[in-house]
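Take a moment to turn the model around on your screen before reading on.

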Amino acid sequence: MPNKTLNLLKSILPVEEAGAHCDIPCKIYDPSSAIIACLSLIRMVDLINEFKDAEQTIGWQNKMSRFISEKERNGQILKEEIRIIWGDFFKAPQIEKYPEIHELTHSIMMSASKCKQEVDKEASLALLEKVNRFAEIFWGAKGIQTKKAKCPYPPELEVIYPQL
Amino acid sequence: MSPELQDGDYVLVLNKSVLKPKEGDTILFEHDFHGKLLKKWSRKTETGVFVDGVQKHSIDSHTLGTIPMKDIFGKVIYSFSA
């Protein structure tokens, strides 16, 4: 269309911008990242507890610092992965089907913070149960069946896997 | 809405009070989070209109939610590239 004609049309008709795409990448959501982060956090708790009574050499300090740092990092990753799926994936149809999702997400945020602040195996296992439930809901919202199976690496705990 | 619509294209939208949009039409609607969007009317549901893009990886109402009729402006009747 010639520019003159276009400019004339724009002067007499209201022109607004509309989009046709949203966040990129589209549709790529997977709670497995959150599950792996949770398992890593639990593994760090186990390692901290395993070595806590060892002789406090410089090597020990280095090891413990790294375990603590990794626990903190994975706690943060877990929170971010859950937050993104909750905020970007769950919309009215999914929330209607799973009304517990808001409270569950908030509970995961609180539990993950507690696990970052403390070295508490029981709290970290409770966190994993919540993350598993979140994963179950996510896959259920997509119409995909899930199963619980022991992960094939330490801490060898049961986690939710999609049945694809 | 690629390849039907490309970035920078102009569309002419007719208000729904003049011409009622129906299944298969490209509609303009207001989304409470993403603002004004153009998508295809896929089907009517109890809660609103289920919308979809053109390509299989486009986001649809599984992500956007269904669109209430009150949030639909109208249908695209003409489009062109500047």
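Let's begin with a nonpolar surface patch of about 720 Å², built from A:L9, A:I12, A:L13, B:L12, B:V18, B:L19, B:I77 and B:Y78. A patch like this joins nonpolar side chains (Val, Leu, Ile, Met, Phe, Trp, Tyr) within 5 Å, using residues with over 30% relative accessible area and no salt bridge; the areas come from the Shrake-Rupley method with a 1.4 Å probe, and for residues only the protein chains shown count as cover. Two elements give two or more residues to the patch: α1 of chain A and β5 (72-80) of chain B. A:L9, for one, sits in helix α1 of chain A. Helices (H or I, at least four residues) and strands (E, at least two) are DSSP runs, numbered from the N terminus.

Before going further, keep in mind that this is a predicted model: local features need pLDDT of at least 70, side-chain atom pairs count only at pLDDT 80 or more, and totals for chains, interfaces and linings use all residues. Residues are numbered from 1 along each chain as its sequence is written, chains are lettered from A and ligands numbered from 1 in the order in which they are written, and side-chain values use heavy atoms, leaving out hydrogens and water.

Now, how many residues does each chain bring to the contact? Chain A brings 20 and chain B brings 25, where contact means heavy atoms within 4.5 Å. Together the two chains bury about 1800 Å², with 63% of it on carbon and sulfur atoms; buried area is the accessible area (1.4 Å probe) lost when two parts are put together, summed over both.

There is one salt bridge between chain A and chain B, meaning a side-chain nitrogen of Lys or Arg within 4 Å of a carboxyl oxygen of Asp or Glu. It joins A:E16 to B:K36, with the closest N and O atoms 3.0 Å apart. On the side of chain A that touches chain B, α1 (3-12), α3 (58-89) and α4 (92-97) of chain A each supply at least two residues. Of these, α4(A) gives the most, with three residues.

Over all chains, the salt bridges come to twelve. One of them links A:D46 and A:K121 (2.8 Å, N to O). A:D46 is in helix α2 (residues 32-51) and A:K121 in helix α6 (residues 121-141) of chain A, so this pair ties together parts 75 residues apart in sequence.

Last stop: the loop between β1 (146-150) and β2 (158-162) of chain A, where you'll find A:P155. The peptide bond from A:P154 to A:P155 is cis, with omega near 10°.

Terms used. Patches are made of residues with over 30% relative accessible area and no salt bridge: like charges are joined within 9 Å, nonpolar side chains (Val, Leu, Ile, Met, Phe, Trp, Tyr) within 5 Å.
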